[in-house]
Amino acid sequence: MASGYILNRGALTLGIHCQRACRNISLSQVREKKRWMKAYTFLMAKKLKLEGPPAPTPRSQQPHWDFHAEIQAFSSRLHENFSSELLKVAFINPCYLQAEQERRQALGVDPGTTALALKDNIELSKKGASFTKSFLTDWCRASLPSLPSEGVQSVVLHLTSTAVVVYVARNLGVEDLAMSAECPVPDEVLHSTFMAVIGALQESSGEERTGLFLRDFLVTQLIGKDLFDMWTVVNPMGLLVEELTKRNVPLPEPRLIRSAGASTVLPLYFVGLYSDKKLLAQGPGETLVAAEEEAARVALRKLYGYTENHRPFDFSPLQQQQQQPLIQSVSSN
């Protein structure tokens with residue numbers, strides 16, 4: 001009985017000590033989010049749904065903006081020697097000057113003092129567009145000598161189109177520096193701004209350096225591009241006949257090589273074009289006419305040297321291009 005009394009007394013003493021220890025410990029509940037966060041998030045989501053996303057703000061109206069520093073960073077990023085004054089002019093569009101003039105007049109500023117001492121990029125844009133077109137035309141004729149003038153013109157129009165130029169300009173950061181009346185910058189304004197940048201580079205570094213710039217950023221957009229995605233040919237068989245006639249080659253004869261599923265809803269035909277008992281090309285199609293046209297396109301790609309496995313275009317630096325013929329001559333000897 002004595003032992004039981006000692007155990008009960010020890011348990012009671014231990015319980016008293018535990019209660020005293022628990023009184024000294026303060027427990028606080030921790031939540032991942034505050035209580036007011038749920039209501040605030042709900043109100044912000046409702047406001048975004050009713051009002052829509054906020055209007056974009058031009059980079060020039062955001063904090064920590066230094067136009068001169070941005071111009072210097074743009075030149076350094078592209079590894080080009082731009083004239084700072086010319087590059088600043090290249091980014092100033094006439095729509096920006098007009099909008100700024102109207103804004104100052106609306107504030108009641110004296111018309112005599114509202115005139116801006118800035119120059120727009122119209123002249124640089126015209127000069128850059130002219131040089132771009134002439135350089136790309138010469139490059140296509142040199143790299144694709146078998147391509148006719150219609151094909152060269154189509155390739156140049158594709159490379160100078162608004163979609164391609166705007167894609168290159170946005171990836172180079174031209175949109176952030178372009179001074180425009182609207183935000184985001186319209187595609188037409190961005191296109192003219194990029195041409196003005198090319199014109200500024202031509203006046204700053206010369207035509208040779210500008211040509212390398214166009215080769216590196218515009219001509220590279222031909223990689224993975226099919227010829228007839230840029231050049232629309234309505235009658236490929238007729239064009240093939242003309243090309244073979246110029247080369248004194250017998251006219252092509254279409255023949256059905258093989259077919260599959262002719263009695264189903266998804267037939268497939270392979271038509272081959274033979275000239276002087278030699279297979280020129282073959283192409284698939286859902287109909288015989290479609291297969292014949294595709295075979296004609298394949299034959300034209302071979303004639304023009306613009307096939308999928310054609311020799312890659314030379315995008316090496318200028319020094320390596322000058323050393324390559326010397327290396328070839330030494331290795332041949």
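**Close-up views of a predicted model**

**View A. Asp276 sits in the loop between strand E2 (268-275) and strand E3 (278-285).** The model is predicted. Phi of Asp276 is positive, about 55°, although the residue is not a glycine. Most residues other than glycine have a negative phi. The relative accessibility of Asp276 is 55%; because exposed means over 50%, Asp276 counts as exposed.

**View B. Asn248 belongs to the loop between helix H13 (236-246) and strand E1 (253-260).** Here too the residue is not a glycine, and phi of Asn248 is positive, near 55°. Asn248 has a relative accessibility of 73% and therefore counts as exposed.

**View C. The peptide bond between Cys183 and Pro184 is cis.** Its omega is about 0°. Most peptide bonds are trans. Pro184 is placed in the loop between helix H9 (174-177) and helix H10 (187-205).

**View D. Trp36, Tyr40, Phe42, Leu43 and Met44 make a nonpolar surface patch.** The area of the patch is about 590 Å². One of its residues, Tyr40, lies in helix H2 (residues 35-51).

Note on methods
Residues are numbered from 1 along each chain as its sequence is written. This is a predicted model: local features need pLDDT of at least 70, side-chain atom pairs count only at pLDDT 80 or more; totals for chains, interfaces and linings use all residues. Side-chain values use heavy atoms; hydrogens and water are left out. Helices (H or I, at least four residues) and strands (E, at least two) are DSSP runs, numbered from the N terminus. Buried means under 20% relative accessible area, exposed over 50%, partly exposed in between (1.4 Å probe, protein chains only). Patches are made of residues with over 30% relative accessible area and no salt bridge: like charges are joined within 9 Å, nonpolar side chains (Val, Leu, Ile, Met, Phe, Trp, Tyr) within 5 Å. Accessible areas come from the Shrake-Rupley method with a 1.4 Å probe; for residues, only the protein chains shown count as cover. A salt bridge is a side-chain nitrogen of Lys or Arg within 4 Å of a carboxyl oxygen of Asp or Glu.
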